[in-house]
Structures are given as C-alpha cells and as structure tokens.
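Please read this report alongside the sequence and the model, and look for each feature as it is named.

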Amino acid sequence: VIAIFTFILLNLLYYQGLETNWLYTNLSQEIVLLCCWGLLYSKMGRNHPEFIFLLFSWSITLIPLYWYSQVGIAKLDFITWTLVFLGQATLLPLKWRLHLLSQLGTLTFFLVLWLGFKLSLEPIIMTLGPTLMFLYLLWFCIICDVSVYLHETLQYSEFKAKLQLQSEQNKSERLLLNILPASIIRRLKQKQTIVADNFSDVTVLFADIVGFTEMSGRTSPTKLLEMLNDIFSMFDTLVEQYELEKIKTIGDAYMVVAGLPEPCVENTVKIADLALEMHKSIVKFNELYHKKLQIRIGIHTGPAIAGVIGIKKFAYDLWGDTVNTASRMESHGVANKIQVSDSVYEELKADYLLSKRGKIQIKGKGEMVTYFLEERIKSNDQKLCRSG
C-alpha cells in the first residue's frame, strides 16, 4: 500500500505529461490492496486467507495488463512479476499449489490478451526476445514453486516431529504423575535436589494380604502376580475416587496416605471410608474368583515428613513415627479387621462404630490401646479430600 502510494505521488508531482495508464494502474492497485488489508480483519478473510493471497498477487500483476491492453499493448512486465513471485515465495510461503495458481493466472491472462486479442508487445520485449523472456519466467516460477514446496515439506515434517515429541512428553508426564504427585514433579523440574516437607497432620493406612507368603509357595508366580495386580488395581481406583495419595506397594503390602502433598480436611474420615471400601472390594473379589482372601488393615494419624530424596529412581515416600505406628497397626492386626490407634479412634468415634480391642504389645512401642473399625453409623454426603 505504501509503495504504490509513493508511485502515485511521483506520477502526480514529477511528470508534466501525466501518464494516465500508469496513474490508473497505481490507483486501481491501491484500491485492491486496501481491500485486501480490510479483508484480513473480516471473518471471510480469516476463514479463506488463500483468497486474499491470490487477490494481492493478481492486483499487482493483472491490473497493469488490463490498463495497458486498453491502448493495444500486451505488457509482459517480467521485472514486477518476478519481484512479486519471489516476494511471495520468501515472505508468504504458504502452499506451493497456491503459488503455482498465482503464476499460471498471470501468464494465462497475458497470453489471452497477446494472442487472443492480437495485441502488440512492448518494444523492449521485442528487443530482448519473447522466447528469452518466457524461458526466464518459466524457470523463475519453477524455482519459486520448488522453494515453497521444500519449505512446506519441511514445515510439515517439523509439525509431525513436534506432535510426536508432544505425544512422548505427554506419555512421560502421565507416567510421572503415576509415580509422583504433580506438585512434587513441578519442584523437581525446578532442579531442587531434595524435596521434603513436614506435615503436622496426616493419616496413614497399611493393608496386607493375610497368608500371602504361604500362598506364594503353592501358586505360580504368573498367577500370583495377576491376582495382586487385580487387587491393587481395585485399590487404586478407590484411592483415586477418594482423592488420596498412594505411596507404594511392598510385596503384598499397600500404603496410602491422606493430607499430603497438599494439606486437606477430614484426613482420617477419608482413610476410614477407604478402608471399609477396601474390605468390601475383597469380598466382591472372592465372590467373583471363588477365592478366600483375607486382608489386614492398620491406620494411624499424626505428623510425618514426606518427599523425594536421592538422585536416581525417584519415589515419593513418607517417614516418621506415624508411618511406623500405622505399619504396626496392620502387622499386629487381625484378619479381615481394620485396626486403628487411639488417636484415630478419637477422630472417628462420633461417626463410626468402633470396638475396643484393648491393650496389646506393639513392637518398638510397648503397650497400646487399639480399636477395630467396624462401620460408619452416621451417613452424610460424600466429601472428597480437598485442599484446606
């Protein structure tokens, strides 16, 4: 638009004998270019940018042909054409077929005017020779189209590579999210060497299959693994449903915690509901596969430290007396029972039925009063573990 405007000023201010064809050409081109500019901001222009591309190209190449044909001249403006074709190929390398259509449209229009209407060629073209000019334009157009084709192919290859890379990154991200909490992943990506936090109130659950060692001696490893996978997959679904954090499995032991990596409300209630559902899922599993599996579950609540340490094979883990006590609640428990500590009892006694087991000797802890969690006695709306 700016370039054509300067030529209009030149025509009006410099030439005494006012070149009308030149002026009409420049004014017509300016109007069409302004229309192209406006179309860029229209819905039609956004949906069909190829239309603007062709309109822009042909406004530069075809309008001069039309005005000069009015005075009987077929204007083979090879300088302007090559500049336009080269500019499109370097600044707007969209689709090589679009560039080819732009060039064919210009050359076809010229041939129709020259041969169809028997117009004269400009003297300079007759001096240089039409064959030379057409050969020049032919190879120039071919080179531009090949350039755009290569650019388009490269872009497509890069696009496919980026898609594949993004797909692999998404797979890696999903894999990481199955291993570590999202907040821990973000901190590790920030190059933190040690990621550890103190939590004043978490609730830890351990579950263990009763008699697993004896069972492994009379069951093939493949079938044993398939059975464990089915059971732990059921547990995983429940953990996800209650929005809790699975820490790890150790053999046939399953460890879950509530209250981290983000603090949340009703830690103990959510773990209690999970434990009751785990018992129900084992009953369903036995009915479905005609098994007689039993599990022990232990729960304790209190402070703990959680995080990731080391430099290889990262794992989000939990440390502290709360973890040890929860483990003891499970290992010193009874088959098909959910044993909880006194601190858990105090938090659950208002809404759950718990039976007192009494004092038992706990390894490393001495005598402790424990309880068995039986069922929920107060029903309320499901409240999933949310950040608090």
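## Helix 2

Helix 2 covers residues 20-39, 20 residues in total, and it reaches 28 Å from its first C-alpha to its last, close to the 28 Å expected at 1.5 Å a residue (1.5 Å times one less than the number of residues). Helices here are DSSP runs of H or I with at least four residues, and strands are runs of E with at least two, numbered from the N terminus.

Several residues of helix 2 are buried, including Asn21, Leu23, Gln29 and Leu39, where buried means under 20% relative accessible area with a 1.4 Å probe and protein chains only. Helix 1 (2-13), helix 3 (43-47) and helix 4 (49-69) are among the elements that cover these buried residues.

## How to read the model

This is a predicted model, in which local features need pLDDT of at least 70 and side-chain atom pairs count only at pLDDT 80 or more, while totals for chains, interfaces and linings use all residues. Residues are numbered from 1 along each chain as its sequence is written, and side-chain values use heavy atoms, with hydrogens and water left out.

## Asparagine 286

Asparagine 286 belongs to helix 12 (residues 267-289), and it counts as buried because its relative accessibility is 14%. Leaving aside residues up to four places away in sequence, asparagine 286 touches Lys291, Lys292 and Leu293, a contact being heavy atoms within 4.5 Å.

## An annotated region

An unreviewed UniProt entry lists residues 203-330 as "domain: Guanylate cyclase", and such annotations may be inferred rather than shown by experiment. Over residues 203-330 the chain is 48% helix and 28% strand, with the end C-alpha atoms 14 Å apart.

Methods:
Buried means under 20% relative accessible area, exposed over 50%, partly exposed in between (1.4 Å probe, protein chains only).
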